[in-house]
Amino acid sequence: MIFMQKVEIKSGGFRFVGQLLEDEAPKTCEVFKSMLPLKSSFIHVRWSGEGIWIPYGDTRTGLKYENHISHPAKGEMLLYPGGISEMEIIMSYGRCCFASQYGQLAGNHFLTVVEGLEDLYEFGRKVLYEGAQEIEIKLL
């Protein structure tokens with residue numbers, strides 16, 4: 001059993017704590033931890049429903065599929081390593097089917113929100129109606 005590290009996610013006046021899924025997606029978690037502390041912006045998804053994302057364009061990490069899913073539940077975060085579409089991190093705040101303009105995608109589920117989940121829908125709607133929100137993610 002690998003020790004499950006947690007991260008703090010702050011954005012738009014909200015605070016969430018996520019648990020890294022190091023048993024299920026060890027390589028993805030290592031890549032994500034190498035990106036921390038992460039400072040960027042969450043924007044609302046275009047194709048996937050109730051989700052927010054951080055686009056990374058042509059960035060590639062060498063990751064392959066690992067613990068990949070297409071229908072993240074509320075509070076699940078995926079890292080899509082790129083390929084058909086650009087590399088990105090997406091978090092579901094409600095009903096979500098991960099997709100791009102080219103169709104349905106699958107991303108590596110590497111993190112699940114374990115604190116603040118009750119505020120996630122409100123935060124997602126804030127991103128939808130008020131636009132991009134600065135985000136900071138760091139290890140706890």
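Start by selecting Lys-126 and Glu-130: both sit in helix α2 (residues 117-130), four residues apart, about one turn of the helix. Helices here are DSSP runs of H or I with at least four residues, strands are E runs of at least two, and both are numbered from the N terminus. What you have picked is a salt bridge, 3.4 Å from N to O. The term covers a side-chain nitrogen of Lys or Arg within 4 Å of a carboxyl oxygen of Asp or Glu.

Before you click on, note that this is a predicted model, where local features need pLDDT of at least 70 and side-chain atom pairs count only at pLDDT 80 or more, while totals for chains, interfaces and linings use all residues. Numbering runs from 1 along each chain as its sequence is written, and side-chain values use heavy atoms, with hydrogens and water left out.

Now color by accessibility. Buried means under 20% relative accessible area, exposed means over 50%, and partly exposed is in between (1.4 Å probe, protein chains only). Glu-130 comes out exposed at 56%, and Lys-126 is partly exposed at 23%.

Next, pick Arg-15 and Glu-8. They form another salt bridge, with the closest N and O atoms 2.6 Å apart. Arg-15 is partly exposed at 41%, whereas Glu-8 is buried at 8%.

Then jump to Lys-33 and Glu-22, where the side chains meet in a salt bridge of 2.8 Å, N to O. This one ties together distant parts of the chain: Lys-33 belongs to helix α1 (residues 26-34), and Glu-22 to the loop between β2 (14-20) and α1, eleven residues apart. Are these two buried or exposed? Lys-33 is buried at 19%, and Glu-22 is buried at 6%. A search of the whole structure turns up five salt bridges.

Switch to the rings. Phe, Tyr and Trp rings (the six-membered one for Trp) pair if their centres lie within 6.5 Å; planes under 30 degrees apart count as stacked, over 60 as edge-to-face, and the rest as tilted. By that rule there are seven aromatic pairs. Select Phe-14 and Phe-123, a tilted pair at 5.5 Å centre to centre with 55° between the planes. Phe-14 is in strand β2 and Phe-123 in helix α2, 109 residues apart, so the pair links distant parts of the chain. Phe-14 is buried at 16%, and Phe-123 is buried at 0%.
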